[in-house]
Amino acid sequence: MASTGPPQSLKRSDTSLTREGDQLIITPLGAGNEVGRSCVYLSYKGKTILFECGIHPAYSGMAALPYFDEIDPSTIDVLLVTHYVLSTLLHCNVLHFLRNFHLDHAASLPYFLEKTTFKGRVFMTHATKAIYKLLLSDYVKVSKFQLKICYMMNKTFFAPWIKLRSVIDFHQTLEVNGIRFWCYTAGHVLGAAMFMVDIAGVRFSPDICIIESTYGVQLHQPRNVREKRFTDVIHSTISQGGHVLIPAFALGRARELLLILDEYWSNHPKLHYIPIYYASPLAKRCMAVYQTYINSMNERIRNQFANSNAFDFKHISPLNSIENFNDTTI
């Protein structure tokens with residue numbers, strides 16, 4: 001079990017690096033026994049990788065960052081960003097990491113690039129990068145996160161980041177300083193990737209499984225059962241003259257709910273006079289990204305998109321302004 005305090009310092013001299021080079025060192029700099037600020041340090045055969053670069057949503061300022069002061073960022077060869085689900089299969093020489101664009105996995109990246117001695121490369125999938133700027137900029141506006149990195153969200157920051165050539169295609173193999181890596185689709189949210197990393201060139205069977213266990217002690221009902229409960233509650237509320245307000249994450253979860261509701265409304269003509277609105281400028285801006293990367297989604301959405309645009313909702317409209325909002329069903 002991870003300790004409750006910061007990890008033991010990983011700053012090492014050249015002599016100790018030679019002595020410990022054959023040891024596989026894995027240290028969580030965040031999210032070791034908590035949910036938030038995911039950041040995992042890996043060192044093997046003189047190569048160093050950092051997985052994720054998130055913040056802790058429960059804290060503000062420097063306290064929200066991973067324990068960057070426990071490592072020497074200048075020694076890191078590559079940083080791989082892929083999100084809040086971490087499913088890792090660890091081999092003696094090979095690592096699988098599952099990630100995507102949620103803030104607890106990538107929001108401290110501007111600080112790490114601009115305020116530390118890190119000179120390595122950063123990689124993430126095309127869809128993750130496309131959404132990242134929108135998500136982080138929105139977070140800065142609506143949160144109490146007062147870290148100075150928040151004010152770097154402009155062209156001055158993103159210009160050098162783009163020069164890092166930081167995108168990777170699924171199943172594409174890249175090599176940086178002798179570290180080979182490629183990624184597979186991970187599900188979860190758009191752009192989420194499972195990275196395979198080969199440092200020593202030899203792969204073995206998995207020895208350790210590291211899992212982010214946010215829902216690890218919960219038994220979920222089958223998806224079709226949960227969807228029916230969801231739509232039944234909404235239908236019942238509306239039938240009794242009520243209104244439904246659904247707080248949801250603007251990305252991923254909201255998109256799922258919108259697809260479910262639009263399909264349900266289409267199958268129930270008696271509900272067509274009931275309007276559905278989504279009040280999220282961020283969700284509206286990211287809709288174009290979802291439509292661009294439709295081939296990265298599940299088979300059901302791809303098949304539906306072959307006949308029609310799944311995100312061209314027939315019964316759902318964006319709420320552009322609360323001042324002009326008029327619920328005619330009240």
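## A strand buried on both sides

Let's start inside the protein: Cys 39, Tyr 41 and Ser 43 point one way from β2, while Val 40, Leu 42 and Tyr 44 point the other way, and all are buried. Here, buried means under 20% relative accessible area, exposed means over 50%, and partly exposed lies in between, with a 1.4 Å probe and protein chains only. In a regular strand the side chains alternate between the two faces of the sheet. Strand β2 covers residues 39–44, and six of its six residues are buried.

This is a predicted model, in which local features need pLDDT of at least 70 and side-chain atom pairs count only at pLDDT 80 or more, while totals for chains, interfaces and linings use all residues. Residues are numbered from 1 along each chain as its sequence is written, and side-chain values use heavy atoms, leaving out hydrogens and water.

## The chain as a whole

Stepping back, the chain has nine helices and 14 strands. Both are DSSP runs numbered from the N terminus: helices are H or I with at least four residues, and strands are E with at least two. Of the chain's 330 residues, 45% count as buried. The chain exposes about 17,800 Å², and carbon and sulfur atoms supply 53% of that area. Accessible areas come from the Shrake-Rupley method with a 1.4 Å probe, and for residues only the protein chains shown count as cover.

## The neighbours of β2

Now back to β2 and its partners. Two strands are said to pair if DSSP finds at least two bridges between them. On one hand, β2 pairs with strand β1 (residues 25–30) in the antiparallel sense over five bridges, and Leu 42 of β2 is the bridge partner of Ile 26. On the other, five bridges join β2 to strand β3 (residues 47–51), and these two also run antiparallel; there, Tyr 41 stands opposite Leu 50.

β2 and β3 form a hairpin with two residues between them, and Lys 45 in the turn has a positive phi of about 55°. Two other non-glycine residues have a positive phi: Ala 31, near 65°, and Glu 52, about 75°. Ala 31 sits in the loop between β1 and β2 and is partly exposed, with a relative accessible area of 24%. Glu 52 is found in the loop between β3 and β4 and is buried, at 0%.

## Helix α6 and its buried face

The buried residues of α6 are Glu 227, Phe 230, Thr 231, Ile 234 and Ile 238. Seen down the helix axis, they fall within an arc of 85°, so they line one face of α6. The arc is that of the directions from the helix axis to the C-beta atoms.

The cover over these buried residues includes α7 (253–266) and α9 (299–307), judged by contact, which means heavy atoms within 4.5 Å. On the other side of α6, Lys 228, Arg 229, Val 233 and Ser 239 are exposed. Just after the helix, Gly 241 takes a positive phi of about 85°.

## Cysteines and a buried leucine

How many disulfides are there? Counting pairs of cysteine sulfur atoms within 2.5 Å, the total is zero. Cys 53 is in no disulfide, and its nearest cysteine sulfur, that of Cys 39, is 5.3 Å away. Cys 53 is buried at 0% relative accessibility, and Cys 183 is buried with a relative accessible area of 0%.

Finally, visit Leu 174 in strand β9 (residues 174–176), which is buried with a relative accessible area of 19%. Leaving aside residues up to four places away in sequence, Leu 174 touches Phe 123, Val 167, Ile 168, Ile 179, Arg 180 and Phe 181. Leu 174 and Phe 123 are 51 residues apart in sequence and 9.9 Å apart in space, C-alpha to C-alpha.
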